[in-house]
Amino acid sequence: MCGIIGYVGGAPAIPVLLAGLKRLEYRGYDSAGFALQRGNELVALKSVGKVARLAEKTRDTWSSEAQRTPCTGIAHTRWATHGSPTEPNAHPHFAEGGGIALVHNGIIENYRAIRTRLEAKGHVFVSETDTEALARLIGECHRGDLRAAVIAALRQIEGAYGIAVLSRDEPGVIVAARKGSPLVIGVGEGESLVASDPAAIIAHTRRVIYLDDGDVARITADHVDIIDLDEARIDRAVGVLGFAAEAVEKGGYEHFMLKEIHEQPEALRNALRGRLDLPQGTAVLAGMGASPRDLAEIRRIILLGCGTSLHAGQVGEHAFCDLAGVPAGVQLAAEFRYRNPLVDPSDLVIAISQSGETADTLAAVREAREKGAVVLGLVNVVGSAIARETGRGVYLHAGPEISVASTKAFTCQVAVLLQMALRLGRGRRLSRERGIEIAAELARLPELVGAVLAREADIAAIAQRFIGREHAFYLGRGPMHAVALEGALKLKEISYIHAEGYHAAELKHGPIALLTPGTPVVVLANRSSVRDKVWGNAEECRARGSCIIAVVTEGDEAPGADEVLRIPACDPLVATIPAAVALQLLAYYVARLRGCPIDQPRNLAKSVTVE
Ligand code: AGP
């Protein structure tokens, strides 16, 4: 969703800010803008649409020499919540007649009350946003010290924020603060940066300070000073980012999505590294943070997530039941806290999130913790809100995922969940022999996925079957039902074809009415105890003239299928991963044939930080 980048140092800020905004584009946005501190004034520029439009406007506004003037600046990409995507609603927002500029991620919940109060004092608002209320409140509190004004204003705020603020009276200073919306400070040589996402600053430095909730930082070119809202000094360690600038580059691929699909053998290697204990047939996941006895006492597992992460949880549900014999159920994070869930200390709650920022999942984590459950985060982004709030958890180590469509995070989520199930199972009913078999299958994952990637050209050819189609179905049973849901989600979000993921047996209870001759039906019919049942369901579709695209195990026949997509033979739970990769490639090539903006589909954001 929204993105922030700020720069203070000896270089011209404009190119740094525009490049930073470019890096934030993947998060999803509909307008952009920046403010610069020059001499004793603040100047700003905003535009609706892409960062390229803002860059164009910049070139039209300032000579190239003016653009190269060293200065301090803050910039923002906005994903509209309060008010449509217009220039007045784009950030930065201003106070004191343009003397203070603010960019903000998050939502100010009590902005209406603040706005009414300020309007009564004579303020004339120029936007519909909640952010302008905060900007003007900072202005009201300003007595010459910007950080003191920010603190005084934030004490009156309810809601979530990550902010960066400039004052025309304090050259070379950015004030940044966070509560619920991430901010990271980049510590360079004679320059500092602040951003909502390390991807925006990695080109400058890998030395970073993550701000925590309640932190208010005063950032200059060579100093970062942090206090809390009670003005007590805070020491935060400087860490080093665990990835290099190339990780957020396309590296020769046409799209980040394709690059990330191809990164999966390596990502899986990282998600498995040091965790599988092959001789004992188990997994060692230090982040689970519990003794074998604690693990043995878990009576129920609740898996929480949204979108793709929810689908990973659905595979996990099968794995925990089948391998560990622990009752497990996946729940939609958005519903969790509104259902007054029954949770107790013998429950293990696993919150699954690539970004670690998803508002619904975060709210569910808080609810589960309040009810006394042990909550564990399964997160990709290090230091993210969910990783911090859960306190314990297992990182995916998938590396930065830039494309809005989640790919490598999904397969790594499933790989980690299978390892967790193996670990729990070995402490319970799973025999060592069976554990060894599963562990050996998991160790093959990079190779299994590599075999699917080697068939990319065949999959690209199958994509032709979707041309001119507006609807498609994906069918599966057992853990492959989750893969069907995920395959359909991938197709929907990047190709804009309406796709339904369905339990293969449920189709005949209603949706079969939608099948017409040629409707693509992807059938997940790999080798498993229910393969013949799935084939039966495929036959029902074929009898109605549908185009059957069968995902089968290498060596198996696919009688009557129009297209066949083969995955290597492996355990049915493990097979969810190569099957998902095949469907990711299929969705990618369909979207490409349709000329869709694959990495940034319309209306979508990478991190969904609103409920
Ligand atoms: C996946 O392709 C989606 N873009 C989306 O469903 C995503 O998985 C969902 O928003 C949850 O995100 P999270 O994993 O970062 O919590």
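This is a predicted model: local features need pLDDT of at least 70, side-chain atom pairs count only at pLDDT 80 or more; totals for chains, interfaces and linings use all residues.
Reader: Which domains is the protein divided into?

Author: The protein has domain 1 (3-248), domain 2 (251-443) and domain 3 (454-599). The bounds come from an automatic or database domain assignment.

Reader: How many Å separate the centres of domain 1 and domain 3?

Author: The separation is 45 Å, with the centres taken over C-alpha atoms.

Reader: Ok, the ligand. Which domains give at least three residues each to the shell around it?

Author: Domain 2 (251-443) and domain 3 (454-599) each do that. As for helices, α10 (307-324) and α18 (479-495) each supply at least two residues of the shell.

Reader: And which residues come nearest to the ligand?

Author: There are 15 residues around the ligand, and the nearest are Ser 309, Ser 353, Ser 355, Thr 358 and Glu 493. By class, the shell holds 5 nonpolar, 8 polar and 2 charged residues.

Reader: What does the side chain of Glu 493 do there?

Author: An N or O atom in the side chain of Glu 493 lies 2.4 Å from an oxygen atom of the ligand. Backbone atoms take part as well: a backbone N or O atom of Ser 406 is 2.8 Å from a ligand oxygen, and a polar backbone atom of Thr 308 is 3.2 Å from a ligand oxygen.

Reader: How much of the ligand's accessible area does the protein cover?

Author: The ligand has 410 Å² of accessible area on its own, and the protein covers 90% of that.

Reader: Which residues lie nearest the centre of the largest cavity?

Author: Cys 2, Trp 79, Thr 81, Gly 106 and Ile 107 do, out of 15 lining residues. The classes in that lining are 5 nonpolar, 8 polar and 2 charged.

Reader: And what lines the second largest cavity?

Author: Its lining includes Met 1, Cys 2, Arg 27, Asn 105 and Gly 106, as well as Glu 357 and Thr 609. By class, the lining of the second largest cavity has 3 nonpolar, 5 polar and 2 charged residues. Cys 2 and Gly 106 are also among the residues nearest the centre of the largest cavity.

Reader: Last topic, the backbone. Is the peptide bond from His 91 to Pro 92 cis or trans?

Author: The bond is cis, with omega near 5°. Pro 92 sits in the loop between β4 (72-78) and β5 (93-95).

Reader: What is the phi of Asn 340?

Author: Asn 340 has a positive phi of about 45°, although it is not a glycine. Asn 340 is in the loop that runs between α11 (333-336) and β20 (347-353).

Note on methods:
Residues are numbered from 1 along each chain as its sequence is written. Side-chain values use heavy atoms; hydrogens and water are left out. On a 1 Å grid over the protein atoms alone, a cavity is a set of points where a 1.4 Å probe fits but cannot get out, and a pocket is an open set with protein on both sides within 12 Å along at least five of seven lines; lining residues have an atom within 4 Å of a point. Ala, Val, Leu, Ile, Met, Phe, Trp, Tyr, Cys and Pro count as nonpolar, Asp, Glu, Lys and Arg as charged, and the others, Gly among them, as polar. A residue is near a molecule or strand if one of its heavy atoms lies within 4 Å of it. A polar contact is a pair of N or O atoms within 3.5 Å; within protein, one must be able to donate a hydrogen and the other to accept it, and residues adjacent in sequence count only if both atoms are side-chain atoms. Accessible areas come from the Shrake-Rupley method with a 1.4 Å probe; for residues, only the protein chains shown count as cover. Helices (H or I, at least four residues) and strands (E, at least two) are DSSP runs, numbered from the N terminus.
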